[in-house]
Amino acid sequence: MSNWDERQRAMLEAMGLRVWQKSAAPSELPAAHEVPAPAAAAPMPAERSEPPLARPAAAPPSLALPPAMPPRSAAAVSAPAGPVAQMGWDELRSAVAGCRACGLCEGRKNTVFGVGNEQAHWMIVGEAPGEQEDQQGEPFVGQAGKLLDSMLRAIQLKRAPGTPEQQVFIANTLKCRPPRNRNPEPQELAQCAPFLERQIALVQPRIILAMGRFAVQSLLQSNEAIGRLRGRVHDYQGIPVIVTYHPAYLLRNLLDKARAWEDLCLALDTVQLARPR
Ligand code: URA
């Protein structure tokens with residue numbers, strides 16, 4: 001096996017995926033429940049000439065970056081209208097902590113601002129805090145968060161302190177937990193949107209990973225299903241956005257982890273193609 005194969009195997013295993021190898025002895029083959037679902041765009045390994053779940057050598061034209069992606073400067077990402085748009089990090093943190101713009105403030109234990117490197121190249125956008133996030137004041141600390149950490153580890157990223165290349169910034173569309181983890185309501189998303197917009201404007205990430213339908217709604221104003229939006233590069237104010245499944249969904253739909261892996265590969269390729277800021 002080449003170094004690349006070994007690295008890819010390690011990455012996939014970190015995500016909870018087994019690698020199927022043509023040369024594997026029958027006893028080494030994964031059990032049926034471990035075999036990724038056949039996807040239209042990703043046939044089962046046995047039908048492929050390249051290694052299974054291999055990273056595409058080059059992005060096909062349909063996956064290419066938008067042609068006029070400009071190099072971004074501090075002014076390139078326009079901030080939301082209103083006072084939030086002018087805030088620096090400290091002021092923004094205080095504004096989120098004291099926000100009473102919607103009814104979610106009544107039931108929260110903590111607001112969940114976000115965590116990570118303020119100059120991260122990668123920004124991860126999720127949905128809303130759950131019970132554990134509400135208790136701890138940090139995003140993605142429950143089961144879904146553990147899977148997110150594994151996914152990040154698979155592409156050599158992390159939430160723990162590191163350089164802007166290594167350490168991501170993780171934020172949610174909502175900063176307060178909806179009661180009983182119900183779906184965010186449109187007016188809650190609208191009230192909270194300026195906070196996320198300002199976070200993005202301050203971080204100036206090179207790429208955003210939008211996880212799940214509410215992240216997509218907030219960033220791309222689209223109600224389309226994740227399955228229809230993933231597999232290509234979207235745009236949020238000049239920043240490439242990759243749409244993928246929410247980790248909580250992946251915990252219930254294990255076979256879609258293979259598709260999430262493809263999304264991470266697309267994101268990696270996109271970052272490498274993008275011009276430095
Ligand atoms: N799901 C999310 O989208 N965000 C969290 O912080 C936790 C679970």
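Two strands pair if DSSP finds at least two bridges between them; strands are DSSP runs of E of at least two residues, numbered from the N terminus. The model is predicted, so local features need pLDDT of at least 70 and side-chain atom pairs count only at pLDDT 80 or more, while totals for chains, interfaces and linings use all residues. Residues are numbered from 1 along each chain as its sequence is written, and side-chain values use heavy atoms, with hydrogens and water left out.

**Exercise 1.** Determine which strands pair with β2, and in which sense.

Solution. Start with β3 (residues 169-172): β2 pairs with this strand in the parallel sense, over four bridges. Within β3, Phe169 stands opposite Met123. Next take β4 (residues 207-211), which also pairs with β2 in the parallel sense over four bridges. Here Val125 has Ala210 as its bridge partner.

**Exercise 2.** Determine how the two faces of β2 are covered.

Solution. In a regular strand the side chains alternate between the two faces of the sheet. One side of β2 carries Trp122, Ile124 and Gly126, the other Met123 and Val125, and all are buried (under 20% relative accessible area; exposed is over 50%, partly exposed in between; 1.4 Å probe, protein chains only). For the strand, residues 122-126, that gives five buried residues of five.
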